[in-house]
Every structure is written in structure tokens, then in C-alpha cells.
Amino acid sequence: MSNPQPLEEEVYDMSGARLALTLCVTKAREGSEADLNALERMFQQLGFESTMKRDPTAQQFQEELDNFQQAMDARDDPISCAFVVLMAHGLEGQLKGEDGQMVELENLFEVLNNKNCRALRAKPKVYIVQACRGEQRDPGETISGGDIVMITKDSPETIPTYTDILHVYSTVEGYISYRHDKEGSCFIQTLVDVFTERKGPILELLTEVTRRMAEAELVQEGKPRKVNPEIQSTLRKRLYLQ
């Protein structure tokens, strides 16, 4: 039997500009200011040009993404990477704007794909979504020793238009997401801690975020709850932020 060869480590070139857009509905979302402050600190430390907009309507979610794309395509300098953080109430596949109207996540994601955003063609695009994805709550399961079974859904069929994209959701499909009134959300706070304190490829950092969140015990209405993020990736190379 031949010896398996180690993977060649191809990495994304991060020498160009790094841009971040954060759109956050703060209305009826206590703790969001703490999350915005944490994200601002993280983007500053990681060398991102960061733009934050509070309380967008459903239409403004779309308009801000379109403006972000147009501004990138109008730049003369090379861009290495873009982060988009979306924080709002939500349902599966939708976010609720400040006006109570819904916007389709798919329409937001489409704006920066390889076809529609020339500046980000073959460059990593990272979407971080802090929102509920349904109504279900996870009380958690008792496990013995190391018997943790991971079940992965079939990933959506991808074509080259949709490569180089990383979607990070605060919770798995169908489940609600949690925020603390003052401290912010477990997801954003944990993600910022890991991204600012640890070095490594982004998927390994996100594995650490998932591990920490899986260990955390959240109490909601007096009942213990579990929550874990979900990561969907079509990255073709390793992405290092530090």
C-alpha cells in the first residue's frame, strides 16, 4: 500500500486590503451593542477597514450589500478578503429588517459571489450570521466519554460561481439563537475571543469556537440550553487572518 502524501498547503494571499461590513438590527435585540463593540475591536486588530450600520430596514440590508460590492469593484488597489456580519431576528433563510420586513439571505449572499463581484473573484468571502434560524430549542444530550457522533448534512451543490465562500451561522438550521441583555451573544463574543487570541487557519479557529460553545451551558427561562454554530465552506485554500 502506498503511503498517503500530506496535503499541500495552499493559502489565500492576504497582502491586499481587508474589508468588513456589519449590518445590525439593535431594536429589540438587547446586547447587540456589546457585540458591535467586540467586532469593532476584532476588525481593528485583524487589520480590516470596517463599516458598521445600525438598524437597516429589509431593503437597506440589500442596498448596503450592493453599495459594498460597488465600492469594492471601484477600487484600484487589490482586495484580499471581505467579511460581512449580519445580525438581526430571523427565520430559516431570512432576516428581519428594522421595519419588520423580511429579506432573503440568498439574495444578500449572491451580491459578492465570483460572478457578481469582480474585486472578490477567487478571494475569500466570509459571512457571519447572528440570527435565529427557526423556533426549536436544544436542551442537549448526555454523552459518555468520547462518544460524540457528528452528523453532517449534504452540503449544497456548488459550482465555481460559489467557491471561496464561508458561511458561519450562530446556530444550526431550524433553531433559535441566544443573546445576553448586557454581555452580547455567546456566538459573537466567543468568535471574537478566538479570532483575536488564537492563530491558525480560519476553519480550525471555527472548530475551536464550536467546541467552546458546545461546552457552554446557557440558561433560558430557567432551563439549560445548548447552542452550536454551523459552518458551510467552499473555501479552496487555507485562510489565515493573523
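**Helix packing and buried residues**

Helix 4 and helix 5 lie oblique to each other. This is a predicted model. Two packed helices are described by the angle between their axes and by the distance between those axes. For helix 4, residues 186-197, and helix 5, residues 202-215, the angle is about 135°. Their axes are 9 Å apart. The crossing of helix 4 and helix 5 is right-handed.

Next, the residues in that contact. Helix 4 contributes Cys186, Phe187, Thr190, Leu191, Asp193, Val194, Phe195 and Glu197. Helix 5 contributes Ile202, Leu205, Leu206, Glu208, Val209, Arg212 and Met213. Sorted by class, the contact of helix 4 with helix 5 has 10 nonpolar residues, 1 polar residue and 4 charged residues.

Helix 4 has another partner. Helix 1, residues 32-45, packs with helix 4 at an angle of about 20°. The axes of helix 1 and helix 4 are 9 Å apart. Helix 1 is therefore roughly parallel to helix 4, since angles under 35 degrees count that way. Helix 1 passes helix 4 in a left-handed crossing.

On the helix 1 side, the contact is made by Ala34, Asp35, Ala38, Leu39, Arg41, Met42 and Gln45. On the helix 4 side, it is made by Ile188, Gln189, Leu191, Val192, Asp193, Phe195 and Thr196. By class, the contact of helix 1 with helix 4 has 8 nonpolar, 3 polar and 3 charged residues.

Now turn to a strand. Gly90 sits in strand 4, residues 89-91. Gly90 counts as buried because its relative accessibility is 12%, and the cut-off for buried is under 20%. Gly90 and Cys132 are 42 residues apart along the chain. Their C-alpha atoms are separated by 4.9 Å.

Last, the cysteines. Cys24 has 0% relative accessibility, so Cys24 counts as buried. Cys81 is buried too, with a relative accessible area of 0%. How many disulfides are there? A disulfide here needs a pair of cysteine sulfur atoms within 2.5 Å. By this rule the count is 0.

Conventions
Residues are numbered from 1 along each chain as its sequence is written. This is a predicted model: local features need pLDDT of at least 70, side-chain atom pairs count only at pLDDT 80 or more; totals for chains, interfaces and linings use all residues. Side-chain values use heavy atoms; hydrogens and water are left out. Axes are lines fitted to C-alpha atoms, for helices over the stretch in contact, and angles run from 0 to 180 degrees between N-to-C directions. Helices (H or I, at least four residues) and strands (E, at least two) are DSSP runs, numbered from the N terminus. Angles under 35 degrees count as roughly parallel, over 145 as roughly antiparallel, 65 to 115 as roughly perpendicular and the rest as oblique. A crossing is left-handed if the near helix is turned anticlockwise from the far one by less than a right angle, and right-handed if clockwise. Contact means heavy atoms within 4.5 Å. Ala, Val, Leu, Ile, Met, Phe, Trp, Tyr, Cys and Pro count as nonpolar, Asp, Glu, Lys and Arg as charged, and the others, Gly among them, as polar. Buried means under 20% relative accessible area, exposed over 50%, partly exposed in between (1.4 Å probe, protein chains only).
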